Amino acid sequence: MQSFEIGELNEFAACFNLINLMQASYECERGVRWKMQPQRFANNRLTNCNKLLRDIENGTYKPMAVKSFPIYERGKTRVVKPVTFYDRVAQRCFCDHVLVDSILKMVSVECSAVLPGRGLSYAFDRVRSHLEAAPMSGWVAKFDFSAYFASIDQDILLDMMRWPIRDERLFRFLETVITADSPGLELGSHISQLCAAAYPTKLDSVVSRAPGVVGYHRYMDDGIIICRDRESALAALELSRKISRDLKLTINPKKTYANRIDQPFKFCKMRFLKTSGEVRMRVPKKQTRTACRHARNVKRKAARDDRIDLGPVKASLLGYVNHGDADLSRLVSSIFPIDSKPIGA
């Protein structure tokens with residue numbers, strides 16, 4: 001019989017136990033209870049969670065094989081491999097009790113994406129504060145990775161995760177999920193999303209401290225560097241390319257450039273413009289109107305069916321209020337009430 005240290009056993013058991021797996025299954029059901037897989041799992045919830053726990057404890061757990069499918073987004077083709085609900089429960093439990101805290105120990109404040117409290121609003125506020133601190137003579141450099149998830153090196157990633165995850169059995173679980181598919185990481189996995197957010201941490205640390213850099217922020221594979229002058233911006237981009245090569249990532253030349261700070265630019269679909277008096281932020285009107293049209297349709301359906309939850313739709317639209325102009329805020333308020341004064345009003 002295999003033996004474990006007391007501390008190791010407690011750390012592993014604190015993550016994977018029947019109560020945590022049951023709670024993870026309820027969390028995974030949110031918004032998808034109408035689907036077949038969650039319903040089948042819920043019909044025998046206790047039995048399924050107990051079986052999942054035994055597989056993980058015995059070291060025999062492996063993600064189920066599923067077929068991938070292409071999606072088409074903004075002229076690009078992406079291949080997504082979905083995660084079964086059974087595997088999603090295990091990954092959610094691991095993320096909630098181990099991986100999220102481990103990632104937060106690794107990344108800097110200038111990294112945002114799928115981390116708690118670090119969504120688009122967080123990223124926009126950080127970029128805005130950096131622009132406000134930068135001089136009008138400054139320059140802005142942008143970079144973007146090509147085929148980001150598929151390019152992530154699994155060996156480099158696992159070496160990085162050795163430091164925050166010391167428990168051997170927890171690390172083996174992470175390794176099993178990451179190496180289930182090769183190369184790179186799969187888009188549909190919660191573990192993959194969190195690991196992808198942390199993967200360029202070395203780049204964040206080095207570039208943000210480079211000479212002449214006033215501000216830096218990265219949202220998953222989109223990065224922005226705010227510098228004092230043109231020479232600093234070009235040097236920061238070259239440094240980014242060098243570190244990216246060390247991480248076996250490729251910077252997309254079509255989306256990488258440097259420009260004066262008084263010229264408008266887009267970051268995560270938000271349009272920024274720095275003037276001598278303020279930093280202006282504008283959401284593309286077409287994007288907001290499409291979201292409003294969708295919200296109206298959902299609201300009409302919710303009036304006929306009380307099982308439809310309008311909470312996520314309302315939260316999504318109210319995000320435009322804090323970062324959009326007055327016209328778009330009035331458009332949003334025609335669907336849902338607005339309590340706060342929009343920026344730009």
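**Close-up views of a predicted model**

Residues 24 or more positions apart account for 67% of the contacts (heavy atoms within 4.5 Å) in the chain with a separation of 6 or more. This is a predicted model, where local features need pLDDT of at least 70, side-chain atom pairs count only at pLDDT 80 or more, and totals for chains, interfaces and linings use all residues. Residues are numbered from 1 along each chain as its sequence is written, and side-chain values use heavy atoms, with hydrogens and water left out.

**View 1. The whole chain, before zooming in.** There are 15 helices and 10 strands in the chain; these are DSSP runs numbered from the N terminus, with helices being H or I of at least four residues and strands E of at least two. Of the 345 residues, 44% are buried. Buried here means under 20% relative accessible area, exposed means over 50%, and partly exposed is in between, using a 1.4 Å probe and protein chains only.

**View 2. Helix α2 (residues 18-29) against helix α5 (residues 85-106).** Two packed helices are described by the angle between their axes and the distance between the axes. For α2 and α5, the axes come within 8 Å and cross at roughly 110°. Axes are lines fitted to C-alpha atoms, for helices over the stretch in contact, and angles run from 0 to 180 degrees between N-to-C directions. The two helices are therefore roughly perpendicular to each other, a label for angles of 65 to 115 degrees (under 35 is roughly parallel, over 145 roughly antiparallel, and the rest oblique). On the α2 side, look for N20, L21, A24, S25, E27, C28 and E29; they meet F85, R88, V89, A90, R92, C93 and H97 of α5. Sorted by class, this contact has 7 nonpolar, 3 polar and 4 charged residues. Ala, Val, Leu, Ile, Met, Phe, Trp, Tyr, Cys and Pro count as nonpolar, Asp, Glu, Lys and Arg as charged, and the others, Gly among them, as polar.

**View 3. Helix α4 (residues 45-58) packing on α5.** Here the axes sit 11 Å apart, at an angle of about 65°, and the crossing is right-handed. From α4, residues N48, K51, L52, D55 and I56 meet Y86, V89 and A90 of α5. That contact is made up of 5 nonpolar, 1 polar and 2 charged residues.

**View 4. P38 in helix α3.** P38 is buried, at a relative accessible area of 4%. Leaving aside neighbours within four places in sequence, P38 is in contact with E29, V32 and F85.

**View 5. G31 in the loop between α2 and α3 (36-43).** G31 is exposed, with a relative accessible area of 67%. P312 is 281 residues away from G31 in sequence, yet their C-alpha atoms are 9.5 Å apart.

**View 6. T275 in the loop between β9 (270-274) and β10 (279-282).** T275 is partly exposed, with a relative accessible area of 22%. Not counting residues up to four places away in sequence, T275 touches M136 and R280.

Definitions and conventions. Left-handed = near helix turned anticlockwise from the far one by under 90°.
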